[in-house]
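The sequence and the structure are shown first.

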Amino acid sequence: MSRRRHLVRVASPLAALGVWQLLTSLDVSLWLRFEQFPTVVEVASALADRIGTEAYWQDLGHSLRRIALGFLLAAVLGVATGTAVARSRWAADVLGPLVEIVRPVPAIALVPVAILLLPTNEQGIVFITCAAAFFPVLVSTRHAVRALDPAWEEAVLTMGGGRARVLFSVVLPGALPGVFGGLSVGIGVAWICVISAEMISGEYGVGYRTWQDYTVVDYPGVFVGMATIGVLGRLTSTAVEALGRRVTAWLPGAAGGGAAGPARSADSASAPPHRADPASPAGATSPGPESLAGPAPDAPADSAVLPVPEKEPVT
């Protein structure tokens, strides 16, 4: 990233904080009312006080544990179900309709279901978090697997590979970019729902503490909770995206290109590719323009075309 872009990314949130401080300190009340909003200084002071308490870190640990458990379950189940639906007609007929019926239901609406089915609130919050991240991962995996080129699978089958070999050598590696796209979306949705679930039925956690601050009219504390949620969400989504870039670094077109194989030279990159000849055996290619035109003038002698002997005239 260039230095200019880095400065812009740093200046953008700083400018937003400056506008916030200006509007709240002047008690601006036009259409939006900022007179009851805490200022940036008040929120920063409340954050400094909270960081020094044990309750803040305890809430942080509870929320992170719930996110980790729910998101990992969603990742495993979403990838497995999405792959099965994309690869198996039986799974698509059995699971596809159920997925499309349940998917539009907001995960937070499953709170009554979690309370009725699960014995503890902790398990209910993990269940809601898993349900929130499950569907983005499933849908992204399904689309990524269906978009794979069938020629890859046919190549493995031609060389004697079985279904397991195709799955672990072609399907899952080829679908990784789409899978990590779903994981990146899923982690954000998971944070939204875990905070909502903690507000409704939690006993600890960032969401529970934020709601408690609201009930006692501690508005700086509410904004401390919001800022904490935003930072945690950004850190976890960045970690997922960084892991995705590292895992898929071998793919063609990945950033850096080092793991995707040696780069072609300028001459080979500009040369027209050999086209596959439909009439030739599998794997054969039709000759390029230079082979049709004969060897280059500076080609070695042993590669030159032998002259055809002239026929004697008929008398």
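Arg87 is placed in helix α3, and at 36% relative accessibility this residue counts as partly exposed. The C-alpha atoms of Arg87 and Val171 are separated by 9.4 Å, although the two residues stand 84 residues apart along the chain. The model in which these values were computed is a predicted one.

**Overall make-up**

The chain has 13 helices and 0 strands, and read from the N terminus on, its elements run α-α-α-α-α-α-α-α-α-α-α-α-α. Of the 315 residues in the chain, 31% are buried.

**Salt bridges across the chain**

The structure holds 9 salt bridges, and the table sets out three of them, with the distance between nitrogen and oxygen for each pair.

| Pair | N to O distance |
|---|---|
| Asp213 and Arg50 | 3.0 Å |
| Arg66 and Glu122 | 2.8 Å |
| Glu198 and Arg66 | 2.8 Å |

In the salt bridge between Asp213 and Arg50, distant parts of the chain are linked, since Asp213 belongs to helix α10 and Arg50 to helix α2 (residues 40-51), 163 residues apart. Asp213 and Arg50 are both buried.

Arg66 forms a salt bridge with Glu122, and this pair likewise links distant parts of the chain, with Arg66 in helix α3 (residues 54-87) and Glu122 in helix α6, 56 residues apart. Why does Arg66 count as buried? Arg66 has a relative accessibility of 2%, and because buried means under 20%, it falls in that class. Glu122, at 26% relative accessibility, counts as partly exposed.

The side chain of Arg66 also meets that of Glu198 in a salt bridge. Glu198 lies in helix α9 and Arg66 in helix α3, so this pair ties together parts that are 132 residues apart in sequence. Both Glu198 and Arg66 are buried. Through salt bridges that share partners, Arg65, Arg66, Glu122 and Glu198 are joined into one network.

Phe134 and Val189 are 55 residues apart in sequence, while their C-alpha atoms are 9.7 Å apart in space. Val189 is placed in helix α9, and at 27% relative accessibility it counts as partly exposed.

**Cysteines**

How many disulfides does the structure contain? The count comes to 0 disulfides, where the rule asks for a pair of cysteine sulfur atoms within 2.5 Å. Cys130 is buried, with a relative accessible area of 12%, and Cys193 is buried too, with a relative accessible area of 8%.

Met199, Ile200, Trp211, Tyr214, Val217 and Tyr219 make a nonpolar surface patch of about 580 Å². The elements that give two or more residues to this patch are α9 (176-201) and α10 (206-215). Val217, one of the patch residues, is placed in the loop between α10 and α11 (219-247). Is Val217 buried or exposed? Its relative accessible area is 54%, and because exposed means over 50%, Val217 counts as exposed.

Most residues other than glycine have a negative phi. A positive phi is found at Asp27 as well, where the value is near 55 degrees, again in a residue other than glycine. Asp27 is placed in the loop between α1 (3-25) and α2, and at 44% relative accessibility it counts as partly exposed.

Methods: Residues are numbered from 1 along each chain as its sequence is written. This is a predicted model: local features need pLDDT of at least 70, side-chain atom pairs count only at pLDDT 80 or more; totals for chains, interfaces and linings use all residues. Side-chain values use heavy atoms; hydrogens and water are left out. Buried means under 20% relative accessible area, exposed over 50%, partly exposed in between (1.4 Å probe, protein chains only). Patches are made of residues with over 30% relative accessible area and no salt bridge: like charges are joined within 9 Å, nonpolar side chains (Val, Leu, Ile, Met, Phe, Trp, Tyr) within 5 Å. Accessible areas come from the Shrake-Rupley method with a 1.4 Å probe; for residues, only the protein chains shown count as cover. A salt bridge is a side-chain nitrogen of Lys or Arg within 4 Å of a carboxyl oxygen of Asp or Glu. Helices (H or I, at least four residues) and strands (E, at least two) are DSSP runs, numbered from the N terminus.
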